[in-house]
Amino acid sequence: ATGQYLAAEVDNDPCADVMRSKLRGQPGAPVYSLVSVPHGHDIASIFELDPTTMTRGDSLVPRSSFVRLRHLCTNTWVHSTAIPIDKEEDKPIMCKVGCAAIKEDKEAFAIVPVSPSEVRDLDFANDASKVLAATANKLEKSTITQNERRFVTQLLTDIIYFVGDSEHAGCDPLLVEAKNPDRERQKLLREQNILKQIFKILKAPFHDSGEGPMLKMEELIDQRHMPLKHLFRLCYRTLKLSQTSYRKNQEYIAKEFPFMQKQIGYDVLAEDTITALLHN
């Protein structure tokens, strides 16, 4: 989902020292924790699959099987821990995954194939996020072309069909309602930073970097800016659909509540989105 690779690095956390001492092996030997790295050519990102069933030395590991993971360059075994990563949260839910010298039989991992449709959804969300980020940047600098604006308008329409109900494809995207919202797709919009980029787009034309903003909010009523106004309406419709019956996205969008209030009264569907948010 991030395009990054799994790797291991030395874990100097004092908490890890205490909780993982029995897995350390020889006294003074380091323990490791798994991290993400941007490049696949990093030797620290190479792992071996060790099947839990008897196989010939040269045979492939079966697809629907359990394996242990050996980290190649440290010769350590991947294991779970109860050491929280998100310590600052009220209820931490993320735990470190570590590597240590001792191989425990219970530390086996399932190999689970990902469905092609899930991969397609992820690719779409990932690519869409990059385009939206580039658009926000161009809007901020007033360098967006007419064709680029048309392209992102179509992309937002596709995102609405994607997160709403695909049966609506071809109808007015501003009328799409999520009667049976797809939770996984809603989640992708948040995790792939699409919601984040949408808020950047909504803010970008009014950003003043020293030479005055590209636009003032009240100027949206001018007929010349109708394409931009339509773009904003699509942004708000996407926000509304992404939070339908999904608490996590509601909380994420609610953080931008003060900003959305500033766009009330300009016919960009800010009220519609706020009402849906408050209703939930």
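These are my notebook entries on a predicted model of a protein.

**Ground rules**

I kept in mind that local features need pLDDT of at least 70 in this predicted model, that side-chain atom pairs count only at pLDDT 80 or more, and that totals for chains, interfaces and linings use all residues. Residues are numbered from 1 along each chain as its sequence is written, and side-chain values use heavy atoms, with hydrogens and water left out.

**Overall build**

I started with the secondary structure and got nine helices and seven strands. Helices here are DSSP runs of H or I with at least four residues, strands are runs of E with at least two, and both are numbered from the N terminus.

Next I looked up the dimensions. Along the principal axes, the C-alpha atoms fill a box of roughly 75 × 40 × 40 Å. The radius of gyration came out at 24 Å, while a compact globule of 280 residues would sit near 19 Å. That radius is taken over C-alpha atoms, and the globule rule is 2.2 Å times the number of residues to the power 0.38.

For burial, 38% of the 280 residues count as buried. Buried means under 20% relative accessible area, exposed means over 50%, and partly exposed is in between (1.4 Å probe, protein chains only). The protein exposes about 16,500 Å², and carbon and sulfur atoms supply 53% of that area. The areas come from the Shrake-Rupley method with a 1.4 Å probe, and for residues only the protein chains shown count as cover.

I also checked contacts, meaning heavy atoms within 4.5 Å. Among contacts with a separation of 6 or more, 67% join residues 24 or more positions apart.

**Pockets**

First the terms. The search runs on a 1 Å grid over the protein atoms alone, and a pocket is an open set of points where a 1.4 Å probe fits, with protein on both sides within 12 Å along at least five of seven lines. Lining residues have an atom within 4 Å of a point. Grid points are joined across faces, edges and corners, and a volume is the space filled by probe spheres set on the points.

The largest pocket holds about 490 Å³ of space. I found 13 residues in its lining, with Glu89, Arg190, Lys248, Tyr252 and Lys255 nearest the centre. Helices α4 (183–191) and α7 (247–254) are the elements that give two or more residues to this lining, and α7 gives the most, with three. By class I noted three nonpolar, one polar and nine charged residues. Nonpolar covers Ala, Val, Leu, Ile, Met, Phe, Trp, Tyr, Cys and Pro; charged covers Asp, Glu, Lys and Arg; the others, Gly among them, are polar.

The second largest pocket has a volume of about 350 Å³. Its lining has 14 residues, and Glu118, Leu122, Glu184, Leu188 and Glu191 lie nearest the centre. Both α2 (116–140) and α4 supply at least two lining residues here, with the largest share, five residues, coming from α2.

I went to Thr238 in helix α6 and got 0% relative accessibility, so Thr238 counts as buried. What does Thr238 touch, not counting residues up to four places away in sequence? The list is Leu156, Ile159, Ile160, Leu189 and Ile198. From Thr238 to Leu228 is ten residues in sequence and 15 Å in space, C-alpha to C-alpha.

Beyond four places in sequence, Leu189 touches Ile159, Phe162, Val163, Ile194, Leu195, Thr238 and Ser242. Leu189 and Phe162 are 27 residues apart in sequence, yet 10.0 Å apart in space, C-alpha to C-alpha.

Back in α6 (residues 226–243), I looked at Lys229. Is this lysine buried or exposed? Lys229 is buried, because its relative accessible area is 10%. With residues up to four places away left out, Lys229 touches Leu220, Tyr266, Asp267 and Val268.

**Positive phi**

Most residues other than glycine have a negative phi, so I flagged two exceptions. Asn75 has phi near 55° and is in the loop between β4 (66–71) and β5 (76–84). Asn75 counts as partly exposed at 47%. Ser142 has phi near 60° and lies in the loop between α2 and α3 (146–163). Ser142 is partly exposed too, at 45%.
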